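Please view the model alongside the text.

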Amino acid sequence: MNNSKKFDLITIGGATVDLSFYSKDGELVSTGNITKQKLLAFEYGAKIIADKVFTTFGGGAANVAVSASRLGLKSCALVKISNDDYGRMIIRNFKDNKVSTALVGLDKKEKTAFSMILTIDNPSKEHIAFVYRGANAKLSAKDIRVEQLLSDWLYVTSLPQDTWTDILDKLVKTKKKIVWNPGNEQLKDIPKIKKYLPSIHLLMVNRDEALEFKKLKDTKGLLNYLFELGPKLVVITDGANGAYAFDGKKYYFMKAKSSKMVNTLGVGDAFGSSLTSALIYDKNIKEALEWGIKNSASVVGQIGAQAGLLLKSKI
């Protein structure tokens with residue numbers, strides 16, 4: 001861990017206010033389609049009753065920055081918001097969690113991003129998100145000043161459809177350790193993703209996302225295939241089954257930790273941020289997986305993406 005830099009970790013991507021509501025009326029439907037295995041269904045034309053409603057915070061870059069800060073790292077979020085009520089709420093949340101706002105950009109035209117999160121109010125707690133990208137979609141390479149990226153580690157989350165390649169072009173030239181958890185817009189263009197992988201230190205995807213690269217049922221085969229594309233370390237999460245990693249020499253697996261499930265929102269960010277934080281602390285891959293599993297298990301027990309994030313003393 002290098003303490004000479006201003007920040008231990010800079011996160012790049014989105015920040016949102018999440019309006020979460022729970023309903024017992026939803027039904028999880030299995031499709032048999034390997035790339036779209038489950039759908040969340042409601043009765044057509046019905047009035048859906050919300051049993052519980054919450055306002056929380058989300059967005060990949062925000063979640064990871066808050067998590068890293070709670071784990072004792074100096075984190076900074078490079079995101080874009082607006083000077084509106086939601087934007088001020090996000091800034092206040094960053095400050096409450098000791099996340100630097102030095103690289104937060106303001107957009108004068110778009111509103112701050114927000115999401116409406118619909119969760120099935122049953123033991124599975126599966127969710128679907130309706131996302132208004134707002135100012136998040138305006139993040140561009142112009143917002144990134146290389147001289148301000150005062151960290152050895154960059155964590156890249158979901159990026160805008162129109163600007164993500166320009167942003168990656170700029171980031172890879174820094175030669176910093178880049179952790180990449182590609183978003184939906186990136187996963188629509190796998191050939192472009194492959195172009196950047198030789199410059200990526202850690203690629204982190206879930207199993208469904210990994211299958212977008214190659215349809216392989218064997219997890220070790222998926223790990224090996226992704227590693228051969230260039231990243232130094234590949235991690236695949238597989239929900240309740242646990243998480244897998246491969247560094248070109250050894251395959252790793254960590255079983256998921258059973259816990260009371262209240263929410264699945266932000267679980268991937270909790271896992272990825274904790275694993276990355278452990279690596280920044282010079283932990284080995286096995287220990288890093290343990291950190292990820294433990295923090296993600298904590299997050300599923302609380303409402304929202306950030307409430308369950310652990311302090312370093314608890315992990």
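Two strands pair if DSSP finds at least two bridges between them. Helices (H or I, at least four residues) and strands (E, at least two) are DSSP runs, numbered from the N terminus. This is a predicted model, in which local features need pLDDT of at least 70, side-chain atom pairs count only at pLDDT 80 or more, and totals for chains, interfaces and linings use all residues. Residues are numbered from 1 along each chain as its sequence is written, and side-chain values use heavy atoms, with hydrogens and water left out.

- An open sheet of eight strands has the order 6-1-11-12-13-14-15-16, with mixed pairing.
- Strand 6 (75-78) and strand 16 each have a single partner strand, so one side of each edge strand has no neighbour in the sheet.
- From one strand to the next, the twist averages 15°.

**Strands 14 to 16**
- Strand 14 (residues 233-237) pairs with strand 15 in the antiparallel sense over four bridges; Ile 236 has Tyr 244 of strand 15 as its bridge partner.
- Strand 15 (residues 243-246) is also antiparallel to strand 16, again over four bridges, and Ala 245 is bridged to Tyr 252 of strand 16.
- Four residues lie between the strands in the hairpin of strand 15 and strand 16, where Gly 248 has a positive phi near 90°.
- In strand 16 (residues 251-254), Tyr 252 and Met 254 point to one face and are buried (under 20% relative accessible area, 1.4 Å probe, protein chains only; exposed is over 50%, partly exposed in between).

**Helices**
- Helix 1 (residues 60-70) lies across strand 1 (9-12), strand 6 and strand 11 (153-156), at about 160° to strand 1; axes are lines fitted to C-alpha atoms, for helices over the stretch in contact, and angles run from 0 to 180 degrees between N-to-C directions.
- Helix 9 (residues 285-299) packs on the sheet and touches strand 14, strand 15 and strand 16, contact being heavy atoms within 4.5 Å.
- The direction of helix 9 makes about 30° with that of strand 16.
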